[in-house]
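Here is a short report on a predicted model. Please keep the structure in view while reading.

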Amino acid sequence: MKRLLSSNCLWITIVLLILLIFPWIQRSQYSQHVMVMTMMAAVLASSWNILGGYAGYTSLGHAAFFGLGGYLVALAHNHFGWHPFISTWFLAFIVTGVALILGWISLRTQGSAFVVVTIAMVFIFRIVALNLASITNGARGLTQARPGWAGVPWSPEFIKIPFHYIMLLLLCLTIFVSWRIRQSKFGLGLIAIREDEGKAEAVGINTMLYKVLAFGISAYFMGVAGGIYSYFFTYIDPQFIFDIFTGVTMVLIAILGGRGTLWGPVLGAFIMEPLGNWIIGTFGGTQIHLTIFGAILLIVMLFMPQGILPTLSEVIRQRGKVKLAKVPS
Amino acid sequence: MTVPSTHLLIQTIILGILVGGVYALMASGLTLIFGVMRVINVAHGAFLIFAAYCTYWLFQLVRLDPIISIVLTAPLLFVLGWVIQRYILSRIESPERSSVIITFALAVTLEGLMGTLWKTTIRSVKPEYASEVLKFATYRFPVTRLAGFAAALLVLLILYIILERTNLGRAIRATIQDRNAAQLVGVNVQMVSAITFGIGIATAAAGGSLLSMIYSFNASSQTDWITRVLSVIVLGGMGSLPGAFIAAIILGVMEQLTAVVLTLYWSPIVFYLFLFLTLIFRPQGLMGTVVREKA
């Protein structure tokens, strides 16, 4: 892993540099917007990957934590004036707490049953948010003041830039944590659970603890991202933020790039999110983008269930073998 | 929270039972498919809505009665189901690992297609008897729900006869009990799977036709319906038809009661809570086997 990273060090630096100067070379509001959304998609897919990729537990319900983060941050901003860029990092710990409890309950199920439980979870959150109208303002949603700092709103021309950098920071943090987990004994334990939970338990891994922890950690980044998102749009409503489709998109991105790999979800996000924006931009108000997403997911699941990165590295390995075989002759 | 009078309570339970019959029909196909193929068909809700749209257009264009249109929608969706099983689902190597994601992808694909073709306008079929109500000893029976309940029972009866009295039914039941053993005694399991999926989707078609006159819908209603139907089969016990029937009645009544005691907006939570709690605390449901495969 360390070798892989050091050999990749060069291009990680290049990509990071490009992302750092991106808003200054690409001045179009649209591109800046798409870039923020792309990095957010990468955050969501990477943190989903901690549970769904490493531990192999497919959750379609992580939008519940994304939405919870969004609501907590919006409420704290409106009622106490806490700035979302700061409060989201702390309030996401509440999201983690909720996730630890829900994880402890729901991770008793496995396989298809777990997927179905997580689907139910999003809908429970949505209905609660719709009905607790005294807190959440129900279906009318919550509106926040225009983004700014210390009472001074940012000028519309530069408004995407602070979001660009905070999302980049979150993305780096998510990848770093995901990488550390992948390297650690904890990560090995999660992978052991994915391969054979019974055997993992037999060799002394506290599988329940590992799974619940992975669930909580992945929910943390969901919560932070949800908080930033709610401020980015300055408006959230239950229908919009507790959306099962958000969860499906994360899964599609992670699976497309390479489930269980460190960089797969990031690669998937940088493919799917601009593509999705292009589709919505081209086909406008129709719902054809759902069909295109569904069809891509279907094709990937049927013909390339490993995802792009593992398939690519397999191809490269095969080539290497051929070369090696040629040398002696 | 309001405490309903006895009269209102009985009226609510009647409505719940009537709705429950339709839920039972919708869920029967799903539980059958799971029993035979171990696939949780998350696209079931999308098929329901697709059938509802077919019924809607048949009614708008040629004034065909929604109940009679089952005769057309069911065969149409049988063929569609057959094709999908034959060319997509049969490719799944381990259904326990990936069937939910694949059928979810299918559901999203269908939802997008329907949303593109027919926009997001909320539709419902209103035959002449739509607003009629029969009265029996001060209790009210809306005609559409009564007719829906009767039609649901009829289709379930046909399904029961197919399963219990025909060779195909015996093959299906054998496959549910033990796939490998069924194959050993000469059942063409692939064929049985395709036919079962077709039948399952055909019952969804019947359910969708009834849905179209009892509820209003658009393409995105499918997520709402799939969770309702899923909670029915999970509570009943995956793969168990009698279980699905009992669970459907229970959930129908619970939904109506919640609507009366709390508000209409809270009532869908009954399904999600039952789904959540059943899977966690009694995964085998009322009368089924445990769903415990690895994803």
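## Chain A overall

In chain A, 78% of the contacts with a separation of 6 or more join residues 24 or more positions apart. The secondary structure of this chain comes to 15 helices and 4 strands. Buried residues account for 48% of its 329 residues.

The C-alpha atoms of chain A fill a box of roughly 75 × 50 × 35 Å along the principal axes. The radius of gyration of chain A is 20 Å, which agrees with the value near 20 Å for a compact globule of 329 residues.

## Helices α12 and α13 of chain A

Two packed helices are described by the angle between their axes and the distance between the axes. In chain A, helix α12 (residues 244–257) and helix α13 (residues 264–283) have axes that come within 7 Å and cross at roughly 115 degrees. α12(A) and α13(A) are therefore roughly perpendicular to each other. Their crossing is right-handed.

On α12(A), the contact is made by Leu252(A), Ile253(A), Ala254(A), Leu256(A) and Gly257(A). The residues from α13(A) include Gly264(A), Pro265(A), Val266(A) and Met272(A). By class, the residues of this contact are 10 nonpolar, 3 polar and no charged.

## Where chain B touches chain A

The contact between the chains takes 42 residues from chain A and 39 residues from chain B. On the chain B side, α4 (95–118), α9 (221–236) and α11 (269–281) each supply at least two residues. The largest share, 16 residues, comes from α4(B).

The side of chain B that touches chain A has 25 nonpolar, 8 polar and 6 charged residues.

Technical notes. Residues are numbered from 1 along each chain as its sequence is written. Chains are lettered from A and ligands numbered from 1 in the order in which they are written. This is a predicted model: local features need pLDDT of at least 70, side-chain atom pairs count only at pLDDT 80 or more; totals for chains, interfaces and linings use all residues. Axes are lines fitted to C-alpha atoms, for helices over the stretch in contact, and angles run from 0 to 180 degrees between N-to-C directions. Angles under 35 degrees count as roughly parallel, over 145 as roughly antiparallel, 65 to 115 as roughly perpendicular and the rest as oblique. A crossing is left-handed if the near helix is turned anticlockwise from the far one by less than a right angle, and right-handed if clockwise. Two residues are in contact if their C-beta atoms, placed from the backbone, lie within 7 Å. Ala, Val, Leu, Ile, Met, Phe, Trp, Tyr, Cys and Pro count as nonpolar, Asp, Glu, Lys and Arg as charged, and the others, Gly among them, as polar. The radius of gyration is taken over C-alpha atoms; the globule rule is 2.2 Å times the number of residues to the power 0.38. A residue is buried if 20 or more other C-beta atoms lie within 10 Å of its own, exposed if 12 or fewer, and partly exposed in between; C-beta atoms are placed from the backbone.
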